[in-house]
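Okay, thanks for coming, everyone. Let me put the structure up, and then I'll walk you through it piece by piece.

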Amino acid sequence: WSPMARDTWLEIPVLFGDARYAQLGAAFDANGVLWWSDAVTTDVTPWGGRHAQALFVHPDHAGVAARILRLALGLEDANADEPFTGECPACGAEAVEAWACPDCELSFRSRHDPDAPLIRFVREHGGFEGG
């Protein structure tokens, strides 16, 4: 098969290095996701250039791709954050309905920006649904 017109595919809104590209490509293949990639030059020096991979998925496979991205990248949906109650995992202090530990200030919020393009892509295509 060959990629259809570029405007019919969804671009995953982040570039990937070689190792992550190989990991995601293998996971997409194993799950039957139709995808393709394009090398993007990210830096040029007198000694050569650097590149990363842009990934594109077929719209019919965006949901599966979004779940794969969530799992492979350990993504969390910051829109689902709730205050924490319990023992702080870092220092053991008791926290009640807190966003951060009252003693060591460990944050209990997601480490991801809820409006980051990759988080929005995963959310919009159902990658955070179903656990």
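Before we look at anything, one term: when I say buried, I mean under 20% relative accessible area, while exposed is over 50% and partly exposed is in between, using a 1.4 Å probe and protein chains only. Also, helices (H or I, at least four residues) and strands (E, at least two) are DSSP runs, numbered from the N terminus.

Now the housekeeping. This is a predicted model, where local features need pLDDT of at least 70, side-chain atom pairs count only at pLDDT 80 or more, and totals for chains, interfaces and linings use all residues. Residues are numbered from 1 along each chain as its sequence is written, and side-chain values use heavy atoms, with hydrogens and water left out.

Let's start with the sheet. Two strands count as paired if DSSP finds at least two bridges between them. Here we have an open, antiparallel sheet of three strands, and the order across it is β1-β3-β2. The edge positions go to β1 (10-16) and β2 (35-45); each has a single partner strand, so one side of each has no neighbour in the sheet. On average, neighbouring strands are turned by 30° against each other, ignoring direction.

Look at β2 and β3 (residues 48-57): they pair in the antiparallel sense over 10 bridges. If you want a landmark there, find Trp36, which stands opposite Phe56 in β3.

What lies on this sheet? Contact, for me, means heavy atoms within 4.5 Å. As for angles, axes are lines fitted to C-alpha atoms, for helices over the stretch in contact, and the angles run from 0 to 180 degrees between N-to-C directions. So, helix α1 (residues 18-30) lies across β1, β2 and β3, and runs at about 20° to β3. Then there's helix α2 (residues 62-73), which packs on the sheet and touches β1 and β3, with its direction making about 20° with that of β1.

On to α3 (117-124). Which residues of α3 are buried? They are Leu118, Ile119, Phe121 and Val122. Seen down the helix axis, the buried residues of α3 fall within an arc of 160° (taken from the directions from the axis to the C-beta atoms), so they line one face of the helix. Among the things covering them are β1, β3 and α2.

Leaving out residues up to four places away in sequence, Val122 touches Ala66, Leu69, Arg70, Leu75, Gly127 and Phe128.

That brings us to the nonpolar cores. A core is a set of buried Ala, Val, Leu, Ile, Met, Phe, Trp, Tyr and Cys residues joined through side-chain atoms within 4.5 Å. In soluble globular proteins, nonpolar side chains tend to be buried together. The largest core here has 19 residues, and Ile12, Phe28, Val57, Leu69 and Val122 have the most contacts inside it. Two or more residues each come from β1, α1, β3, α2 and α3. Which element gives the most to this core? That's α2, with five residues. There's also a second, separate core of six residues, including Ala93, Ala95, Ala98 and Cys101.

Next, the hairpin. Strand β4 (residues 84-87) and β5 run antiparallel, joined by three bridges. Phe84 has Ala98 in β5 as its bridge partner. Six residues sit between the two strands, and Gly92 in the turn has a positive phi of about 90°.

Most residues other than glycine have a negative phi. Glu97, though, has a positive one, near 50°. Glu97 is in strand β5 and is exposed, at 56% relative accessible area. Glu105 is another such case, with phi near 70°; that one sits in the loop between β5 and α3 and is exposed too, at 64%.

Last stop: two histidines. His112 is in the loop between β5 and α3 and counts as buried at 14% relative accessibility. Its side chain makes a polar contact of 3.5 Å with that of Arg111. By polar contact I mean a pair of N or O atoms within 3.5 Å; within protein, one must be able to donate a hydrogen and the other to accept it, and residues adjacent in sequence count only if both atoms are side-chain atoms. His58, in the loop between β3 and α2, is buried at 14%. A polar atom of the His58 side chain lies 3.0 Å from the backbone nitrogen of Asp60.
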